[in-house]
Amino acid sequence: MLAVLAAAWALLAAAFLAALLLLRRGGGTPARRPGGGGGLSGLFQDLIRYGKTKGGCGQRPAWLRLLQVPKRWFTHFYVVSVLWNGFLLIWLFRAEFLRGSLPLWIQHVHHALGRDSQSEDTDSEHFSALLVLLLLWLHSCRRLAECLWTSVFSNGVIHIVQYCFGLGYYIAIGSTVLCQVPTNVRNGKELSVHICWYHIVGVMIYIWASLHQHRCLVILANLRKSKSGKVVSLSHSVPFGDWFERVSCPHYFAELLIYVSMAITLGFHNVTWWCVVMYVLFNQALAAVLCHEFYQKNFSSYPKHRKAFIPFVF
């Protein structure tokens, strides 16, 4: 049943690709009209934009403004991810190393969406899934810490649909990793750890991308702080340094690399996870294009050589 899971992620990726193409075809920011922002076009713009890019929606009707929550609630995504994926990690560790069994309700979901219990599998595949779940959990821990102690959130908002989608996403992504091992897990056998070259390559790329993402988030936060670390402004400024010299949204590019590193850690051949990577690619590309548009519109001296998302490419 992994084909169903892969198809679901591919469909999600296609939806964000379609949104990106519609945005590009429409020329980016819609024309501002008195009382504009209503109808399907206004709803579309409201659903794809958040934070500083919400200004591109024009004047939104009152009913749309009621369906928004503070952008700082992004923190909730990582709280959910740390708790849920930490829970899955503990249970999978017990099942793989301590001959335990997954909770019955998880087994039902696993059986419906996971690999066939009769399919061939190796210790390296089991270890790969466990390692990726660990990397995902560590990523969520770091992002939670950055939201709490590094990032400086303005008064930006996100749509309630985006908020609910984000909560569901971090539950779905960990569950997807869990479904990459057969439903019988180990049949009472202890896992024999077999480290392959792609585990090492994947973890190295993961660490490299994570370090750069953290540096870029620190740069963004420091734009609103004094040298002593006190928050002095909530306005937006042009960031410089690290990967910001090449792209407008290097933290989004780093996010993509982190998911690519997990695909490598799974051994390159995992179709389901590459569908996840495609979703992350188009999701982050859409957000990057909107941010790039914001910078170009609001800062006349914005560096013209910067791409939006991928250095030298896009």
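Reply:

Arg-143 lies in helix H6, which covers residues 123-149; helices are DSSP runs of H or I with at least four residues, strands are runs of E with at least two, and both are numbered from the N terminus. The model is a predicted one, in which local features need pLDDT of at least 70, side-chain atom pairs count only at pLDDT 80 or more, and totals for chains, interfaces and linings use all residues. Residues are numbered from 1 along each chain as its sequence is written, and side-chain values use heavy atoms, without hydrogens and water.

Arg-143 counts as buried because its relative accessibility is 10%; buried means under 20% relative accessible area, exposed over 50%, and partly exposed in between, with a 1.4 Å probe and protein chains only. Leaving aside neighbours within four places in sequence, Arg-143 touches Tyr-78, Gln-213 and Leu-217, where contact means heavy atoms within 4.5 Å.

Ile-195 is exposed, at a relative accessible area of 55%.

Now the whole chain. The protein chain has 10 helices and 2 strands, in the order α-α-α-β-α-α-α-β-α-α-α-α along the sequence. Of its 314 residues, 50% are buried. Among contacts between residues at least 6 apart in sequence, 80% join residues at least 24 apart.
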